[in-house]
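I set out to record what can be looked up in this structure, entry by entry. The notes follow the order in which I consulted the model.

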Amino acid sequence: MRRRLILEVVSASVVIAAAGLGVAFFSLSGRTHINTNTGVVAVGGPFTLVDDTGSTVTEKTLASKPYAIYFGYTFCPDVCPTTLLDLSRWIKDLGPDSEKLNYVFVSVDPERDTPSLMHLYLSSFDKHIRGFTGTPEQIAKIAKEYRVFYGKVPTDDGGYVVDHSAIIFLMGPDGKLVTAIPYQENDASALAKLRKLAAMAPRS
Amino acid sequence: MRYLSKLALAAVLMVAAVPAFAQSSIQIEKPWARATPAGAKTGAAYMTIDNKSNVADRLIGVSSDVAKTLQIHEMKVVEGTMKMREIPGGLPVPAGGSVVLKPGGFHVMLIELNQPLKAGETFPLTLVFEKAGKVSIKVPVEAMRASHDSMPGMGHMEMK
C-alpha cells in the first residue's frame with residue numbers, strides 16, 4: 001500500500017515536471033515574438049557577411065537607403081519562394097520607387113547556402129534582391145541583432161529543415177526598424193508599407 | 001436448409017461489402033507543383049484530396065522518381081516563425097470530406113530533386129492511403145507565382 005502511494009507520488013511529480021518543461025518551452029518560443037505594431041523594438045545592428053557575388057558586406061553597405069530584409073534558405077520548399085515571389089511582385093508594382101530601397105535575402109542555412117548557390121537561386125526572382133550568407137557564427141550574430149529565431153530540425157532521411165522567422169523587416173536608412181510585413185500580408189497593405197519606406201529615402 | 005442459410009448470409013455480406021468498396025474512392029483534384037527556383041534542391045506538390053467514402057482515411061505515403069525523398073509536411077507560422085514538420089502518422093482525410101494541400105499549409109515536400117521542376121512539364125506521383133491503397137496521378141508544374149491569392153480553395157480542412 002505504501003509502495004503504491006510512493007509510486008503515485010513519483011508519477012505525479014513526473015507529470016508536474018513535464019508540465020513545467022512545457023511551460024518553459026512555450027516561454028522560450030514566446031521570446032522570439034516581435035511586436036510589429038510598436039516599431040520600438042531594437043532590431044538591427046552591425047554585421048559582416050558575404051553577398052551572392054562573393055563580396056564582403058556590412059551594415060554600411062545598406063546604409064545609403066532604407067531596406068527590406070528577409071531571413072530564409074534555399075532548401076525551403078514553400079514559405080521562402082512564396083515570400084520572395086511576393087516581394088518580387090511588390091518591387092515591380094513599386095515602379096520607379098523600387099530604386100529607393102535595398103532588398104536582402106539572408107540565409108539561415110549557411111552550411112548549404114554558398115554565395116554561388118544564393119546567386120543562382122535569386123536569378124529566379126527580382127534582380128533587385130541580393131543574397132547574403134556567411135559563416136555559421138556570422139549568421140548567428142546577424143540573427144541575434146535582428147532578433148530572428150532560427151533552428152535546425154532533423155528529418156527522417158538524415159537531412160534537416162530550418163525553422164525561421166517568416167517576416168520581412170522594413171528598416172529605415174538609419175538601420176532601425178520602421179515596420180514589418182508578416183507572412184502572406186495582402187498586396188495593398190504590403191505595398192503601402194514599402195511606399196512609406198521609400199518616402200524615407202534620402203534625396204540623392 | 002443449413003446450406004441455404006449460409007448462402008443467404010454470404011449474399012447479405014456481399015451486398016453489404018460492395019457499396020463500402022465502391023465508395024472508398026479517393027479523388028485527387030487540381031494537383032500542381034510550383035516551378036522551382038534555379039539551384040533549388042527541394043520543391044512542393046499541392047492538391048485537394050476528396051474522400052467520397054463514409055470511412056475516414058489517411059495519406060500515409062508518397063513516392064515518385066522526381067526526387068530522392070518525399071514527405072508529407074505541415075507548414076505553420078507560429079508567432080512569426082515558420083515551422084515545417086513531417087506529419088506523424090500521415091495526413092487524415094475525413095469521411096465524406098476533403099483536405100487541401102496548398103502553400104502555407106500542407107504540402108508534399110520533394111527533397112533532393114533529381115531535376116528542376118519546369119513550368120509546362122508533369123511528373124508522376126503515387127499517393128498511398130491507409131484504406132484506399134495506391135492512387136497514381138500526374139502533377140503539372142506551373143509557373144512560379146506566390147499563388148496564395150490566386151488559387152481557389154482556402155482553408156486547411158474543408159468539410160463537404
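**Entry 1. A tyrosine in a strand.** I located Tyr70(A) in strand S3 (residues 67-72) of chain A; helices (H or I, at least four residues) and strands (E, at least two) are DSSP runs, numbered from the N terminus. The model is predicted: local features need pLDDT of at least 70, side-chain atom pairs count only at pLDDT 80 or more, and totals for chains, interfaces and linings use all residues. Residues are numbered from 1 along each chain as its sequence is written, while chains are lettered from A and ligands numbered from 1 in the order in which they are written.

Is Tyr70(A) buried or exposed? Tyr70(A) counts as buried because it has 23 C-beta neighbours inside 10 Å. By the definition applied, a residue is buried if 20 or more other C-beta atoms lie within 10 Å of its own, exposed if 12 or fewer, and partly exposed in between, with C-beta atoms placed from the backbone. Leaving aside residues up to four places away in sequence, I found Tyr70(A) touching Thr83(A), Leu87(A), Phe105(A) and Ile168(A); contact requires C-beta atoms, placed from the backbone, within 7 Å. I also looked up Arg112(A), 42 residues from Tyr70(A) along the chain, and the two C-alpha atoms are separated by 17 Å.

**Entry 2. The cores.** I next examined the nonpolar cores, each a set of buried Ala, Val, Leu, Ile, Met, Phe, Trp, Tyr and Cys residues joined through C-beta atoms within 7 Å. The largest has 55 residues, and those with the most contacts inside it include Tyr67(A), Leu87(A), Ile168(A) and Leu170(A). Which helix gives the most to this core? Helix H3 (residues 79-94) of chain A does, with seven residues. Another core, of 30 residues, lies apart from it, and Met47(B), Val62(B), Leu117(B) and Phe129(B) are among its members.

**Entry 3. Strand pairing in chain A.** Strands are taken to pair if DSSP finds at least two bridges between them. I noted that strand S1 (residues 48-51) and strand S2 (residues 56-58) of chain A pair in the antiparallel sense over three bridges, with Thr48(A) opposite Thr58(A). Four residues lie between the strands of this hairpin, in which Gly54(A) takes a positive phi near 95°. S1(A) is also joined by two bridges to strand S5 (residues 129-133) of chain A, again antiparallel, and Val50(A) stands opposite Thr133(A) there.

**Entry 4. Where the chains meet.** I found 30 residues of chain B in contact with 35 residues of chain A. On the chain B side, S5(B) gives the most, with five residues. That side divides into 14 nonpolar, ten polar and six charged residues (Ala, Val, Leu, Ile, Met, Phe, Trp, Tyr, Cys and Pro count as nonpolar, Asp, Glu, Lys and Arg as charged, and the others, Gly among them, as polar). Two bridges join strand S7 (residues 160-165) of chain A to S5(B) in an antiparallel arrangement, and Ser165(A) has Thr81(B) as its bridge partner.

Entry 5. Chain B has one helix and eleven strands, and buried residues make up 31% of its 160 residues. The mean for chain A is 85, and 79% of its residues reach 70 or more. Over residues 12-35 of chain A, pLDDT stays under 50.

Note on methods
Contact = placed C-beta atoms within 7 Å. pLDDT = per-residue confidence, 0-100.
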